[in-house]
Each structure stands twice: as C-alpha cells, then as structure tokens.
Amino acid sequence: MASPSVLCKTHTTEDVILYCDDCELLVCRECVRQEHKLHNFLKFKEKVGDSRLCLTDNLLTLNSARLPRLRENLQDVISLQETKEHDTKDMLTEIVSRADKMIENITLIREKLMNRSELLHEKNLTVIEKKIAQINARIDIFERADAFAKGALEHGFDEEIIHEDLELRRQLHNFQPINIYEDIDRPIYVDGDLNELVLKQMFGTVLSEIRDLSNEDNKRPALKVQKISMFVCGNEDIVGICAIKSDVAWLHPKKGSRNTLVNVNGHQMSSLDFGFVVTSLTLSKNGKIYMTDYSINRIISMDSSKKFHTEITLSLHPIGIIVCSDEDILICLTDEWIYNTTSKSQRKVVRMTKEFKEKVTFELDEQGENIFTLPIAVAENLNGDVCVVDKIASDKGRVCVLYDTGKLRFVYEHRGASMPFDPSSVCCTRYSNIVIADPANNVVEIVSDGGEFLHFLITEKGGCIMPISLGKDPDDRIWIGCGSGKCIILKYRYGLPK
C-alpha cells in the first residue's frame, strides 16, 4: 500500500521530497531554494528506511532495558520513601530524647548548685555561731572585769587595785575584737550563657548529608564575625579603651592627658582632660573607672560625676589593670620599663581586693625564677585563669596564662607569622576564649582557654593596621584601638554548620 504524500510544514502546498540532515527537518523544493540552501540532504525515502531500522532497534532497547529499569526505579523510590519516613521518625525520637536528657541534666545541675549553696550557707552559719559564742564570751569577760575594776577602785585595797589593773590590761591585750569576715565564705552566682546559639550547639543540629559531603568544614561550627563599625578619632594611636556601656567607651590616645568618650558609631560625645597620662583603664561594677598612672605609681579612680580620687600609691610602677568578676583588681607592676631582669628585679601581677588590700602575688615560678620580663596587660578568663601580656624584648612578647593560685599554666607564643609575635593587649570572651592584639603582624587572634590558636578575628585585609588596645563591652563586642586613631568594633560568634 503506497504511503500518502507528505506536505511541507512551511510551504503547505508543496510535497516533501528531501530530509535536511543539518536541521533534522523534512523539506520541499522551495525550502531547498530558500532557507536550506547549501545544507546537506537525504532523499525522503532513504530517510524513511534509515528511521525504520533505528526505530526498530530503539523499541527493542525501550522494552528490554529502559522500561524495566524505570519500573525498578519506581519501586526503589517507593521503598526509599518508606525508609525516609522511618528515619525521620527515628530522628524525631532522638531529638526528643536529647531534649529530655538536657532537661534532666539541667535539673541535676540546678539541684547540685542549690545543694552547694545550702552547704556553703550551713558552713557560714556554723562559723557565725562560733563567732557569736566567742564574742559573747569576751563580752562576759569584760563585763566581769568592769565590775571587779570598779569595785577595786571604790572599795579595794592597794594590792587589789594593782591586781585588777594588771588583769584588765592582760584581758585587753588577749581579747581583741574579732574579724567577723574571717573564714566567712562569700559565694556568688555567676550566671551562664543562655544565648540561643550556644544552646543549639549543646543540643545539636540536623545536617544535610549532601552539603556536608561537598564541604567538610560545614561539620564544624564556623566563626562568624560582624564588623559593627570602623572610624577614626584623632590622629594619635589609641593605646587604651574602656567601654562603660554597650555602645559607649572612653578612648585614650598615646600622647597627652585628654581622653575622648565616643559611641559605637564614632560620634564624639565628650572630651575630658584627666590631668595625667593614663597607662591603662578599666570599669568596675559600681561604675567607677580605675586607671594606672605609671609616672608616680598611683591607681586613680573616676566616678560617674567625673571626679577623680587617688585610691592607692604603690611602691612599683603600675601598668595594666582589670577588674575581676568578684570585684578584685589585677594590676601589672614593674620596678622599671626594661626588657631584662636580675635577681633584684620586681616584675609581677598582684590581685587586690576592691579596698586595695593585696591577696595574691603572681611573680615567681616553681623554681623561684621570675615568671615575667615586663607584664604590660592583664585579663581574667571565665575559668579564673589570669592572662598576662609579657614583653620579653622591644619587638617580641608572649602571653602567660596562670591559675588563680599563681601557678603558671602555659605560655602562648604564636608561631609562623611574618614578624615576631609581639602582643600588646588581651581580653577574654564569654566563650572563655583569649583575644590577643598583635600590632607587629596587624592581626587580632583568638586562642582557646587551653592555649590552642583558633582563628584570626581580623587581619590587615579587614582594615586592621597596628591593633594596640582591646576593650570589651557588656554585649561582648570587641573594641580594637589601632594606630593613627582608628577604632574597629567587632562582634563574633560561632555559627552552627550550614
């Protein structure tokens, strides 16, 4: 049976006579003369024969391989759907179980803290009861002594007057008023971080396997740094920063006694001549700012009304200063600003009460040798460690980390930088990380509380040129004072894997 003629789709009155191999179209005479001119062609009947053979082969492939494989695919996908539903139920069960476990642990921690608080209270009560008994006994002794002495003066013989005088003097010498605070514990509650990010890191997260396979770093929390602002205040190096609020800080320039109060955007709110060149400054919990005056060995305070008061005059030069979480004060002290020591050198850090009574001295190691060459900056970490920037040469330094008892824990000296490690300032964050400014290498770096280098917080590429001083505000933002009056404010956190 002959096939009916096929009309061209472009020239609808013309019969198809050829197949354009270039365009894969059936064409007529008009097509050949016009748009398909100079193309390669097959005769229509030849193309029909070729297509018949190919179609037969492809049908065989379709029925013998492709369709069966697709039907298998369908069954596999249905099975996968069931598996994933089961996996999701298991994952949800794990999430609920993890939440229950966290609640259980939190309850246990709460009970332990409450029990410890009650135990400390009971110990204090026992000490207080002993002190009450001791004081009552002394009151009783002196009341009886008072009666005997008065009786002797009024009616006694000379010998009795002498006896009562000697007895009362002995009692006055032996029974002094007692120190009511001695052996009394002063526990405080230091609240932990309820930041949502930190809780998520404790709780866990749901990772995408595909994304993790493409980037192994996604399996670990990544450092997220936000640049809050960067501005210039004057043209002198900023060698001291003291944040007094979450968005306000005093900036101390390298030269002169005039200091500037700025907000987080660099707006200069006020300027004040302190009357002396500040070496270091820090904020206390009661709002006072404590400052060191190296030249005449003073610790000076400034209250909220900007009135100054000399708190203490020391025998050594004070350099770095920081107020601790318990309101104690850490101060770096030196007998002179040189980078070598002798057996007579005095280079130390002292911990003082808020009344400036010395409690702990950090000076000698277990071999009796000086720990520090020239301690210039100090910070307290959340775990109680004392972190000290120690200059060991004019262009080189290190960070010494000590237990709160005074024993040296470790020394951090960054390796591999283009210039020698020469830290100038240090602070600690809510993650218990140690943040160090290194002006020689134009970096601020983050170190773990165990002394492991973690990250660069900012480098020269981010605009950090000669970072000299560090400050931390109540929102845990890092204020960086740099050369030529530049100030950079950053906030960092650890993000969950993407």
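Lys101 counts as partly exposed because its relative accessibility is 40%, between the 20% limit for buried and the 50% limit for exposed. The model is predicted. Lys101 sits in helix H2, residues 44-155. Helix H2 also lies across the strands E1, E2 and E3. Strand E2 contributes to the lining of the second largest pocket.

**Lys101 and helix H2**
- Lys101 and Val447 are separated by 346 residues in sequence.
- In space, the C-alpha atoms of Lys101 and Val447 are 31 Å apart.
- H2 runs at about 85° to E3.

**The sheet**
- An open sheet is built from 3 strands, ordered E2-E1-E3, with antiparallel pairing.
- E2 and E3 (41-43) are the edge strands, each pairing on one side only.
- From one strand to the next, the twist averages 35°.
- Strand E1 (residues 18-20) and E3 run antiparallel and are joined by 3 bridges.
- Cys20 has Phe41, in E3, as its bridge partner.
- In general, strands of a sheet pair through backbone hydrogen bonds.

**The second largest pocket**
- The volume of the second largest pocket is about 160 Å³.
- Its lining includes Val6, Leu7, Cys8, Lys9, Thr10 and Val16.
- Leu25, Leu26, Val27, Cys31 and His36 also line this pocket.
- Strand E2 (residues 25-27) supplies the largest share of the lining, 3 residues.
- By type, the lining residues are 8 nonpolar, 2 polar and 1 charged.

How values were computed. Residues numbered from 1 in each chain as written. Predicted model: local features only at pLDDT ≥ 70, side-chain atom pairs only at ≥ 80, totals over all residues. Heavy atoms only, no water. 1 Å grid on protein atoms, 1.4 Å probe; cavity = no way out; pocket = protein on both sides within 12 Å on 5 of 7 lines; lining within 4 Å. Points joined across faces, edges and corners; volume = space filled by probe spheres on them. Helix = DSSP H or I, 4+ residues; strand = E, 2+ residues; numbered from the N terminus. Nonpolar A, V, L, I, M, F, W, Y, C, P; charged D, E, K, R; others polar. Buried < 20%, exposed > 50% of the residue type's maximum accessible area, 1.4 Å probe, protein only. Pairing = 2+ DSSP bridges. Axes fitted to C-alpha atoms, helices over the stretch in contact; angles between N-to-C directions. Contact = heavy atoms within 4.5 Å.
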